[in-house]
Amino acid sequence: MSTAFLDDIRATLQQIEADGLLKRERAILSPQSTRVQVGEREVINLCANNYLGLADHPALVRAATQAMESHGFGMASVRFICGTQDLHRALETRLAQYLGAEDSILFAACFDANGALFEPLLGPEDAVVSDALNHASIIDGIRLCKARRYRYANADMDALEAQLKAARADGARHIMIATDGVFSMDGYLAPLPEIRALANQYDALLMVDDCHATGFMGPQGRGTPAHFGLRADILTGTLGKALGGALGGYIAGPQPVIDLLRQRARPYLFSNALPPSIVAAGLAAIDLVEQADDLRAHLFDNAAHWRAGLAAAGFELLPGEHPIIPVMLHDAHKAQAMAARLFELGVYVSGFFFPVVPKGQARIRTQMNAALGRTELDQALAAFEQAGRETRVLA
Ligand SMILES: *Cc1c(COP(=O)(O)O)cnc(C)c1O
């Protein structure tokens, strides 16, 4: 290997560090939970996507363990060769029923589901109209397909309509609107009623990525379309957040769509089947989540309590009710310093700054979890107030 190549890579790494943008990982020594062990310290965790606190739930651990006993450890195959067990089809059917779709198809992750979705369904005669703040995996998935691309400013309905008009004027055969159900940096919901109305008006399909909603938004946690009382044509989602937090993604939608994806979706055809432990725990997670009105109530109570506490302390928040609650600091160095100090004070949070959020919008993104108790939240709030004063975020 040429030394010039590695020198260039090292220079890039040094630049990332010099810009204060280097991300470092902390090793957690315990299961993912409301409190985690990091080195010598036990800290309250406010940055996992563990919305319902299921990541270490005994029912899921039991289902996974039992499936390993009955169905083994790995599949050593893609689905269509010899990688489909009864469990895989059971989960696909169950997910579809839960989400109110005709069928669903599993992927190794939602990143793969979004990477798989567009290319088999849309050709050069078609159009995708995509929200500018959509998840990276949607952006990549759209890049992989041959449809014409149209982009609209985040949740801007005039801009969406202008792009739909443009796609129609350009003679698009089919149009698909793609949006996150919840935008994960801000905790904002996509304005689905308006988007659905525009989709109907311009005869477009509506695709919603509901990763930050499935399990806890809407009746029985069926997600943002259910929250608004409407239907998306195609839903994508993850088992890696509220539904147990392990791994796995899916696309749910009309039967012919799922059937074609099973024939043509590249991340499905050329990548390993999910292991039985994960699939069985996914089934257990849906059983649990469907009945979990108590957990959902606790999650939103926690979110309201946490928001009120931070606001009363004088922090600048973004409005909303979602359990993603960003504390705006506007400065990457402040976000880093505050997250570091909070860790010393026993609270695990993460600073978000450019390029994950726009310049000048650095923040600490906190996330609520149904398993967090009031004692933990109040302890975390005291730490936020102390760190806020010390880093001069608070007066
Ligand atoms: C987390 C997330 C993904 C990726 O999900 P994985 O299953 O972890 O790959 C995709 N889209 C959105 C909106 C997400 O928040």
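How many residues surround the ligand, and which are the closest? In this predicted model, 13 residues surround the ligand, and the closest are Cys110, Phe111, Asp209, Thr238 and Lys241.

**The ligand and its shell**

- Sorted by class, the shell around the ligand consists of four nonpolar, six polar and three charged residues.
- The element that gives the most to this shell is helix α5, which spans residues 110-121 and supplies three residues.
- Asp209, one of the closest residues, has an N or O atom in its side chain that is 2.6 Å from a nitrogen atom of the ligand.
- Lys241, also listed among the closest, places a polar side-chain atom 2.6 Å from an oxygen atom of the ligand.
- For His135, the distance between an N or O atom of the side chain and a nitrogen atom of the ligand is 3.4 Å.
- The ligand taken alone exposes 390 Å², and the protein buries 83% of that area.

**The packing of helices α2 and α12**

- Helix α2, made of residues 58-71, packs with helix α12, made of residues 276-290, at an angle of about 145 degrees, and the two axes are 7 Å apart.
- Where α2 and α12 cross, the crossing is right-handed.
- On the α2 side the residues in this contact are Ala59, Leu60, Ala63, Ala64, Ala67, Met68 and His71, and they meet Pro276, Ser277, Ala280, Ala281, Ala284, Ala285 and Leu288 of α12.
- By class, this contact of α2 with α12 has twelve nonpolar and two polar residues, while no charged residues take part.

**Details of the backbone**

- Phe354 and Pro355 are joined by a cis peptide bond, for which omega is about 10 degrees.
- Pro355 has its place in the loop that lies between β14 (350-352) and β15 (363-367).
- Ala155 has a positive phi of about 60 degrees, although this residue is not a glycine.
- The loop in which Ala155 is found lies between β5 (148-152) and α7 (157-169).

Note on methods. Residues are numbered from 1 along each chain as its sequence is written. This is a predicted model: local features need pLDDT of at least 70, side-chain atom pairs count only at pLDDT 80 or more; totals for chains, interfaces and linings use all residues. Side-chain values use heavy atoms; hydrogens and water are left out. A residue is near a molecule or strand if one of its heavy atoms lies within 4 Å of it. A polar contact is a pair of N or O atoms within 3.5 Å; within protein, one must be able to donate a hydrogen and the other to accept it, and residues adjacent in sequence count only if both atoms are side-chain atoms. Accessible areas come from the Shrake-Rupley method with a 1.4 Å probe; for residues, only the protein chains shown count as cover. Helices (H or I, at least four residues) and strands (E, at least two) are DSSP runs, numbered from the N terminus. Ala, Val, Leu, Ile, Met, Phe, Trp, Tyr, Cys and Pro count as nonpolar, Asp, Glu, Lys and Arg as charged, and the others, Gly among them, as polar. Axes are lines fitted to C-alpha atoms, for helices over the stretch in contact, and angles run from 0 to 180 degrees between N-to-C directions. A crossing is left-handed if the near helix is turned anticlockwise from the far one by less than a right angle, and right-handed if clockwise. Contact means heavy atoms within 4.5 Å.
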